[in-house]
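Let's go through this one together, feature by feature.

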Amino acid sequence: ISPSTRAKTSVPPPGGAAVSAPGVAAALASGRPVLLEFSASWCGPCRQVKPEVEALAREVSGQAEVVAIDVDEQRELAAQYQVRSIPCFVVVRNGREVARQSGAIPKAQMRQMLGL
């Protein structure tokens, strides 16, 4: 997905439809682990890891949800999750945060955080 076609607050989740930040609740209600990726368009490390996040979203289809959240557009959500630096990856399982990592991390580490 190119930056021009990607919605500002979404990454293609498993199944192909975009999940926007307001759709976080639906992703969390899916019963699957959810990787929340907090980032911003101006952030170099965020842009660097974006292809890894998008590849992971395709690979975990049906097993997990992956949601990208632009911290500039979703400030309240970033505050709710106490995001202090970006990129920030938060894994939520059964309504509880189970893992968190800041910085550009490899896809394998994202998958490991999801428990897959």
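Q: Is Lys107 buried, partly exposed or exposed, and what is its relative accessible area?

A: Lys107 is partly exposed, with a relative accessible area of 21%. Here buried means under 20% relative accessible area, exposed means over 50%, and partly exposed is in between (1.4 Å probe, protein chains only). Before we go on, a word on the source: this is a predicted model, in which local features need pLDDT of at least 70 and side-chain atom pairs count only at pLDDT 80 or more, while totals for chains, interfaces and linings use all residues. Residues are numbered from 1 along each chain as its sequence is written, and side-chain values use heavy atoms, with hydrogens and water left out.

Q: How do I read a salt bridge, and how many does the structure hold?

A: Side chains of opposite charge can pair when their charged atoms come close. The cut-off is a side-chain nitrogen of Lys or Arg within 4 Å of a carboxyl oxygen of Asp or Glu. The structure holds four salt bridges. One of them joins Glu59 and Lys107, at 2.5 Å from N to O. Glu59 lies in helix α2 and Lys107 in helix α4, so this pair ties together parts that are 48 residues apart in sequence. As for the names, helices (H or I, at least four residues) and strands (E, at least two) are DSSP runs, numbered from the N terminus.

Q: Which residues are linked with Glu59 in a network of salt bridges?

A: The network links Glu59, Lys107 and Arg111. Arg111 meets Glu59 at 2.9 Å, N to O, and this pair again links distant parts of the chain, with Arg111 in helix α4 and Glu59 in helix α2, 52 residues apart. Glu59 counts as partly exposed at 36% relative accessibility, and Arg111 is partly exposed too, at 23%.

Q: What is the partner of Glu65 in a salt bridge?

A: Arg32, with the closest N and O atoms 2.4 Å apart. Glu65 sits in strand β2 and Arg32 in the loop between α1 (24-28) and β1, so the pair ties together parts 33 residues apart in sequence.

Q: Which cysteines form a disulfide?

A: The rule asks for a pair of cysteine sulfur atoms within 2.5 Å, and the count comes to one disulfide. Cys43 and Cys46 form it, with their sulfur atoms 2.4 Å apart. The link of Cys43 and Cys46 is right-handed, with 75 degrees about the S-S bond. Cys88 is in no disulfide, as the nearest cysteine sulfur, that of Cys46, is 9.8 Å away. Cys88 is buried, with a relative accessible area of 1%.

Q: What angle lies between the planes of Phe38 and Tyr81?

A: A pair of aromatic rings is described by the distance of the centres and the angle of the planes. Rings of Phe, Tyr and Trp (its six-membered ring) pair if their centres lie within 6.5 Å; planes under 30 degrees apart count as stacked, over 60 as edge-to-face and the rest as tilted. The structure holds one aromatic pair. Phe38 and Tyr81 are tilted, 5.7 Å centre to centre with 45 degrees between the planes. Both Phe38 and Tyr81 are buried.

Q: Which residues does a cis peptide bond join?

A: Most residues other than glycine have a negative phi, and most peptide bonds are trans. Here a cis bond joins Ile86 and Pro87, with omega about -5 degrees, and Pro87 is found in the loop between α3 and β3. Gln82, also placed in the loop between α3 and β3, has a positive phi near 50 degrees.
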